[in-house]
Amino acid sequence: MQTFWASILVFGLLIIFHELGHFIAAKRVGIKVHEFSVGFGPKLLSFPRGETAYNLRLFPLGGFVRMAGMDPSEEVEEEERSYQNKTVGQRAVVIAAGPLMNFLLAALLLMIIFMVHGFPTPTTTIGKLVSGQPADNAGLKPGDKIVAINDKPVERWEDVTALVNAHPGQPITVIVLRNGEEKRFELVTAVNNEGKGMIGIYPRQEMRQLGPLAALYRGMEYTVRLSGLILEFIGRMIIGQAPAEIGGPVRIVQEIHTAVRMGFFYLLQLAAFLSINLGLFNLLPIPALDGSRLIFLALEGLRGRPVDPAKENFVHLVGFGLLLLLIMVITYKDILGLL
């Protein structure tokens, strides 16, 4: 039951934030929004408010914002509030806002983690030694706390790396605390590929709670970094250097189940990772996704006239059908994997 509610929470967050991006951007540029829906299929709940109906639908595997003028066959009473009557730039903002909100959600979730649970911060205590490197050869051990290098006190890991890097291939004195006793070690640094000094140690990490601004900065930084790693993996997967591992809803629920067992902050980490994936996936140039709509808008900007809306909608409809088919195939494979 915990997994069920956690899955509803995670899927709901991802969908609501994504569609909220489209919704807010549409309202900002003056587009009339008929419907804000979470899920597809028959309506379960509907809350009309103003000119927009807020709906919860049966199948929670997505959502949509229905804007005036997106359907070429629709007769729009207020032409100036039609999607099609907005500039290419305004429409691009509306389309891109959905994926961007997923990146924002990831950064906010990571921010909460770093504020409450803590941010992994390197300390001046040695966590691991590289065998055969100067520190190992000199007799340093995991658990030693470095307090000074060349008689200069160090308080942060950055102080350690700065002093070691500044003495490539030179003798240095490392002073550590071991079991409350101060010990001195003389060693000669090695030289890395960048011409900087190194002694072959990794720091012990500890979780430190960050303030709101620092946590938000780190959350944004990690979101950008994770996005880059995911794109790199996709590129390697395309050229065959990495296995093509694609999971569907069943696989995601499995991962949520594992995260629930490990704890709430692991669930938040997973939600942030999934939100980044959703944002990137929607920016891919696949029909029916936001990335494809942005390409059509770019073509309109280059040609000076739009692609026939009926033809564009047909492309998106075919793409949507193929995506549903792909999800069914992936889900089938995931279920076979479970069995």
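Author: The bend at a residue is the angle between two axes, one fitted to the seven residues ending there and one to the seven starting there. This is a predicted model, in which local features need pLDDT of at least 70, side-chain atom pairs count only at pLDDT 80 or more, and totals for chains, interfaces and linings use all residues. Residues are numbered from 1 along each chain as its sequence is written, and side-chain values use heavy atoms, with hydrogens and water left out.

Reader: Where in H2 does a kink lie?
Author: The kink in H2 lies at Ala-97, shortly before the proline Pro-99, and is about 40°. H2 covers residues 88-116, a helix being a DSSP run of H or I of at least four residues and a strand a run of E of at least two, both numbered from the N terminus.

Reader: How do you know what reach to expected for 29 residues in helix H2?
Author: The expected span is 1.5 Å times one less than the number of residues. For H2, with 29 residues, 42 Å is expected, and the distance from the first C-alpha to the last is close to this, at 42 Å. Gly-118 follows H2 and has a positive phi, near 120°.

Reader: What does the UniProt annotation call a "transmembrane region"?
Author: The unreviewed UniProt entry gives that name to residues 92-116, 264-284 and 314-332; such annotations, given here in the numbering of this model and with shortened feature names, may be inferred rather than shown by experiment. In the model, residues 92-116 are 100% helix and 0% strand, with end C-alpha atoms 36 Å apart, whereas residues 264-284 are 90% helix and 0% strand, with their ends 31 Å apart.

Reader: Into which domains is the chain divided?
Author: Domain 1 comprises 94-117 + 212-337, and domain 2 comprises 121-208, with bounds that come from an automatic or database domain assignment. The centres of the two domains, taken over C-alpha atoms, are 41 Å apart. The unreviewed UniProt entry also annotates residues 126-155 as "domain: PDZ", and in the model that span is 17% helix and 37% strand, its end C-alpha atoms lying 13 Å apart.

Reader: What joins the side chains of Thr-124 and Lys-145?
Author: They are joined by a polar contact of 3.2 Å, the term standing for a pair of N or O atoms within 3.5 Å, where within protein one must be able to donate a hydrogen and the other to accept it, and residues adjacent in sequence count only if both atoms are side-chain atoms.

Reader: What is the phi of Asp-151?
Author: Asp-151 has a positive phi of about 65°, although it is not a glycine. Most residues other than glycine have a negative phi. Asp-151 lies in the loop between strand S4 (145-149) and strand S5 (152-153), and it counts as exposed because its relative accessible area is 53%.

Reader: What makes Ala-288 count as buried, partly exposed or exposed?
Author: Its relative accessibility is 22%, so Ala-288 counts as partly exposed. Ala-288 also has a positive phi, of about 90°, and is found in the loop between helix H7 (264-282) and helix H8 (290-303). Within H8, the buried residues include Asp-290, Gly-291, Phe-296 and Leu-297, and H8 is followed by Gly-304, with a positive phi near 85°.

Reader: How is Ile-335 classed by its relative accessibility?
Author: The value is 38%, and Ile-335 therefore counts as partly exposed. Ile-335 is found in helix H9, residues 309-338, and its C-alpha is 8.5 Å from that of Arg-251, 84 residues apart along the chain.

Methods
Buried means under 20% relative accessible area, exposed over 50%, partly exposed in between (1.4 Å probe, protein chains only).
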